[in-house]
Amino acid sequence: MRFPAYLCLLPGLLPLSAAAQNAAAPAALAPLTVDKIMREPAEWLGGLPSAPYWSEDGKRIYFQWNPDKARRDSLYVTTPAGGAPRKVSLAEQRQLPAARGEYDEARSRKVYEKDGDIYLLDLKSGKSRRVTNTAERETEPAFALQDRVLSYVRGGNLFTWDPATGETAQRTDFRRGQPLPGPSTDKSEKYLRAQQLALFQVLRGREQDRLARERQQKALARLRPKAIYLGTKTVENLQLAPDGRYVTYSLVQAPAADKLALVPSFVTASGFTEELNTRNKVGAPQTAYELGIYDIGRDTTFVLGYKDLQGLDEQPAYRKEYALKAKAPTPAPDGKPAADGKGAKDKPASELRRVVPYGPYWNRTGERAFLVIRSADNKDRWIVSLDPTSQKIGLLDRQRDEAWINGPGIGYGAGNVGWLPDGKRIWFQSEETGYSHLYTVDVTNGQKKALTSGNFEVQQAQLSRDKKTWFITANKPHPGEQHFYRLPVDGGQLTQITTRSGAHEVVVSPDEKTLLVRYSYSNKPWELFVLDNKPGAKYRQLTHSTTKEFESYAWRDPEVVTFPAQDGATVYARLYRPAQPDPSRPAVIFVHGAGYLQNAHKWWSQYFREYMFHNLLVDRGYTVLDVDYRGSAGYGRAWRTGIYRYMGGKDLSDQVDGAKLLVDKYGVDPQRIGIYGGSYGGFITLMAMFTQPEVFRAGGALRSVTDWAHYNHGYTDNILNEPYNDSLAYARSSPINYAEGLKGALLMCHGMVDTNVHFQDIVRLSQRLIELKKENWELAVYPVEDHGFVEPASWTDEYKRILKLFETNLRGQAAGPAGGGGSTGSR
């Protein structure tokens, strides 16, 4: 990491090498304490810059910052040339266009939403034109009809506005409920009606008048969009096709009975207990989605069907484990199970998997469109061409994963997709090879091409304005680094632009000649830099955020090490080693949260409090290991899905193998190893304390999942399937089922208004420990905290308890075998 010469005079600003840092003693001002490192970060770490973006002309850079140690960040502005950043006044902010928006093809105009209204910005003059000014909120602005008009959504309907004429047109007329009933079809009622009209002239005259009025209204109604009745459904994602013929929309059906868990909040301004509606639990009925198409030319609507999707009737492989108990099918003469002779299109809808469509995505002319379709069980993703006239889809790519589809640029939705400028090839990211890479497929002939390859991940990709170059962020040199690259549009050599070890979050300038970079290193927090968009360019620093107090301590640069797992896989971890280990040779293993997250990397961790706490532990003679266990991000598909159907399996054995490394290579006492972590890390801590008591003497489980059957659907269903379909996966993955095995000292901490992992989770486990007559555990509750703690007092209390847990059980004189003794805390 390099800094301008004038910054080199500041104490503690330059990083030492890993070996030098790990051997270095802290600077002499004052030792680290929990009270110091758990204070409000802006007070002593510094208010780090975030959310940077360019002005539309590229002359200014805006970002959120807090150099004044205020309660919250403010908007600041500077220039690419540098100089002191200036706080942007509220009056000035009101005049600024929104940072996000949509651009026309020529990139001469930008449409954006601000405060619920729509604006059109002329990029050459810098002047904005207000499109709407209503009490009702308008959203989802875009250019439509090949940039001739703007589209937006108001009140669940699609509107367009013509800049040339100022005319606003309503393009859809969605209505809740059912249409009014037409004439009765009952035979008896039809007979009586005909008789009445035959007998009475006055009735015949009125009927003729009614029919004439209806004909006139129908003729006039041709100038209005068709009334589309939704029943109990709602609509999302309204789009007007580039040629104006179709409006596409997502039909959303919420589950009929959606029982939500209630979280009581006891400490409230009203003085009364208030209940928060949170979420349902895994396996509950889920929202259903369909793709609706309104054919304006034919004045009709239809819902797209998916029976032609390859593999739509293919059940997940894990179901075979349960199907073994059922009668096996009669073998065919060739020894294979006899097929039923039916494809997906021939099977009833009840036998087909539900899907969620995303799109459509139209090419520039509107001649072609494609959809991304994902199965509701998240084991398939299809990319298909769409012909709305014939209501036909054609397979372009299918990614099947018996675990679950995810990964950089893929995620849980449509993922990173788009059209190439020729209008016949689409691009997307896929984990087909085991790592997320960039692909194209030709919709006219199905030819597929990989643009990148190798044992690394493409984490972000976007096309340049001239559509000739890819701008890519990837971890090619090392899983723990993120660098910016250029790549020709049709593939070829990746050209690395950034050079410093660490992570680079890059925003390209409007003219694409300059990069705005949010950069950090392991022991250096995030700062803003600019550099030319070419290899080997010099970094020019724009911000300096850390305080003198923070810089007075020589923060360690943890080693990123590897070690072999039991199954031969290579595990990455951060290692913090003391220059002078405590004579008792204690160690602590930290388990990061979120599961799919990376922390054994070379940039400033989002777990910065834990990072500082690890420095405190090392000052006291501990060795600390921070493992990127199975399920962590950054290492490809096999690592990501290594926890499928068994959380607490390989993700836990990776911690056990880390403990073995500490003992065998770094001289740690095997009877003095502790473990701690929050959320998923808390879950692993519980599994470690309950199932590996001979390895871990003490554990701190924070905001922990104790029973996966009580967690949310979106996350859990991917990994463990539904509890009623895969009960084995839930039984072996839930700590509450293993509580009998607790022997070491256990500290549990949980926020009482946690809307993610509910306080109920830890209450249920506490009752289980009481019934098992376990005594060596303690529960600390935090009445005003959600899943992510906010108040410094809560952080301080929690980490004082964690430190006491380790000091008492790992360095204390009473330390003995991991399975015995330990402190007894209050319950």
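Predicted model: local features only at pLDDT ≥ 70, side-chain atom pairs only at ≥ 80, totals over all residues.
Me: How far apart are the end C-alpha atoms of helix α5?
Reply: Start with the terms. Helices (H or I, at least four residues) and strands (E, at least two) are DSSP runs, numbered from the N terminus. The expected span of a helix is 1.5 Å times one less than its number of residues. Helix α5 has 13 residues, 187-199, so it should span 18 Å. Its end C-alpha atoms are 19 Å apart, which agrees.

Me: Which residue caps the N-terminal end of α5?
Reply: Asp186 does. One of its side-chain oxygens lies 3.1 Å from the backbone nitrogen of Ser188.

Me: Is Asp377 buried or exposed?
Reply: Buried means under 20% relative accessible area, exposed over 50%, and partly exposed in between (1.4 Å probe, protein chains only). Asp377 has 15%, so it is buried. Asp377 sits in the loop between β22 (369-375) and β23 (380-387).

Me: Which side chains make polar contacts with that of Asp377?
Reply: A polar contact is a pair of N or O atoms within 3.5 Å; within protein, one must be able to donate a hydrogen and the other to accept it, and residues adjacent in sequence count only if both atoms are side-chain atoms. The side chain of Asp377 pairs with that of Arg353 at 3.2 Å. It also pairs with the side chain of Ser375 at 2.6 Å.

Me: Which residues lie nearest the centre of the second largest pocket?
Reply: A pocket is found on a 1 Å grid over the protein atoms alone. It is an open set of points where a 1.4 Å probe fits, with protein on both sides within 12 Å along at least five of seven lines; lining residues have an atom within 4 Å of a point. Here 34 residues line the pocket, and Arg354, Ala376, Asp377, Asp717 and Glu722 lie nearest its centre. Helix α13 gives the most to this lining, with four residues.

Me: Which residues touch the most other members of the largest nonpolar core?
Reply: A nonpolar core is a set of buried Ala, Val, Leu, Ile, Met, Phe, Trp, Tyr and Cys residues joined through side-chain atoms within 4.5 Å. The largest core has 65 residues. Ile589, Phe690, Phe696, Trp708, Leu746, Met748 and Leu765 touch the most other members. Helix α12 (residues 680-691) gives the most to this core, with eight residues.

Me: What does Trp708 touch?
Reply: Contact means heavy atoms within 4.5 Å. Leaving aside neighbours within four places in sequence, the contacts of Trp708 include Val282, Thr716 and Ser733. Thr716 is in helix α13 (residues 713-720). Ser733 is in helix α14 (residues 727-733). Thr716 is buried at 0%, and Ser733 is buried at 0%.

Me: Where is there a cis peptide bond?
Reply: Look at omega. A cis bond joins Gly359 and Pro360, with omega about 5 degrees. Pro360 lies in strand β21.

Me: What is the phi of Glu512?
Reply: It is positive, about 65 degrees, although Glu512 is not a glycine. Glu512 lies in the loop between β33 (503-508) and β34 (514-521).

How values were computed:
Residues numbered from 1 in each chain as written. Heavy atoms only, no water.
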